[in-house]
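Look over the sequence and the model, then read the points below.

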Amino acid sequence: MAEAHCAVKDEAWPGGEPRIGSMETTAALRLPPLLTHYGIAYPDVDVQIETGPTAALVDSVLARKLDGAFVSAPVTHGELTCTPVVEEELVLITPPMVTSPQHLGKFLASGSGRKVIVFRAGCSYRQRLSEYLAHRGFVDLRWMEMGTLDGIIGCVAASVGLSLMPRVVADSAERQGLIHLHSLPNGTGRATTVFVHRKDAFVSSALRAFMECAGSATNHTAPPEQPAAALKQPQKTTSLP
């Protein structure tokens, strides 16, 4: 009934309030330029943004609570259409003291109090990190959930624990010497962000225009400018076996 009402009211020129979901990392880095471009092109549209982990966002799209969402691939649900948007490189982030993979065992040793810092359950990055650590033999670890990227990076810098996130998120803190970045082996750090929406749902002119803008704007986001002193510091990226 709601979709039928929306279809009758829809006009060729985009308007209304499309409901869009997004992972926290995408909302922080990729959405601002997209929303700026979209807002200038279609001033009659008021986009509503809801952030959350991939699993929760997919459920909301399936339940028609969201018109679409930026989530982490793969998403194989038969009722959803998935459009690739951008590919990220995920990296392990640790305090500066962990300069090589060999130091991970000591850093996470029992009794150290160190934790794996992640977003809440349903986050695809959290699942990847869990699988990576399990593959390296790290079990019975202590986990701590946080709701913001800045909070996670701050805790890692303070040696509370380690985490996993896109390189573009952590580059600034690494250049300032606050954390250390470690590439994941054999291409396992590659992560594709996709935009999903229901196949059987009505696609309004506003949502159609938003999806068209998403393909270009999110792929050309430059990382924030860094202080001159920070840019002079050498990269300290290592590769994990």
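Among contacts in the chain between residues at least 6 apart in sequence, 82% join residues at least 24 apart. Contact here means heavy atoms within 4.5 Å. This is a predicted model, in which local features need pLDDT of at least 70 and side-chain atom pairs count only at pLDDT 80 or more, while totals for chains, interfaces and linings use all residues. Residues are numbered from 1 along each chain as its sequence is written, and side-chain values use heavy atoms, with hydrogens and water left out.

**Overall make-up**

- The chain has ten helices and ten strands. Both are DSSP runs, numbered from the N terminus: helices are H or I with at least four residues, strands are E with at least two.
- Of the 241 residues in the chain, 46% are buried. Buried means under 20% relative accessible area, exposed means over 50%, and partly exposed lies in between (1.4 Å probe, protein chains only).
- The accessible surface of the chain is about 11,900 Å². Carbon and sulfur atoms account for 54% of that surface. The areas come from the Shrake-Rupley method with a 1.4 Å probe, and for residues only the protein chains shown count as cover.

**Salt bridges**

- The structure holds eight salt bridges. Each is a side-chain nitrogen of Lys or Arg within 4 Å of a carboxyl oxygen of Asp or Glu.
- Arg-19 and Asp-67 form one of them, at 2.9 Å from N to O. Arg-19 lies in strand 1 (residues 19-22) and Asp-67 in the loop between helix 4 (54-62) and strand 3 (68-72), so the pair ties together parts that are 48 residues apart in sequence. Arg-19 is partly exposed at 35% relative accessible area, and Asp-67 is partly exposed at 24%.
- Glu-88 and Arg-30 also pair through their side chains, at 2.9 Å from N to O. Glu-88 is in strand 4 (residues 80-94), and Arg-30 is in the loop between helix 2 (24-29) and helix 3 (31-41), 58 residues apart. Glu-88 is buried at 8% relative accessibility. Arg-30 is buried too, at 8%.
- Arg-64 and Asp-200 meet at 3.0 Å from N to O. Arg-64 sits in the loop between helix 4 and strand 3 and Asp-200 in the loop between strand 9 (190-198) and helix 9 (205-217), so this bridge ties together parts that are 136 residues apart in sequence. Arg-64 is partly exposed at 34%, as is Asp-200 at 47%.
- Arg-64 and Asp-200 belong to a network of salt bridges that also links Glu-79 and Arg-198.

**A buried serine**

- Ser-22 lies in strand 1. Ser-22 is buried, at 0% relative accessibility.
- Leaving aside neighbours within four places in sequence, Ser-22 is in contact with Ala-27, Leu-31, Glu-50, Thr-51, Gly-52, Leu-57 and Phe-70.

**The cavity**

- A search of the whole structure finds one cavity of 30 Å³ or more. A cavity is a set of points, on a 1 Å grid over the protein atoms alone, where a 1.4 Å probe fits but cannot get out; lining residues have an atom within 4 Å of a point.
- The largest cavity has a volume of about 70 Å³. Volume is the space filled by probe spheres set on the points, with grid points joined across faces, edges and corners.
- Its lining includes Val-118, Phe-119, Arg-126, Ile-152 and Ser-163. Helix 6 (124-135) and strand 7 (161-166) each supply at least two lining residues.
- The lining divides into eight nonpolar residues, one polar and one charged. Ala, Val, Leu, Ile, Met, Phe, Trp, Tyr, Cys and Pro count as nonpolar, Asp, Glu, Lys and Arg as charged, and the others, Gly among them, as polar.

Notes: On a 1 Å grid over the protein atoms alone, a cavity is a set of points where a 1.4 Å probe fits but cannot get out, and a pocket is an open set with protein on both sides within 12 Å along at least five of seven lines; lining residues have an atom within 4 Å of a point.
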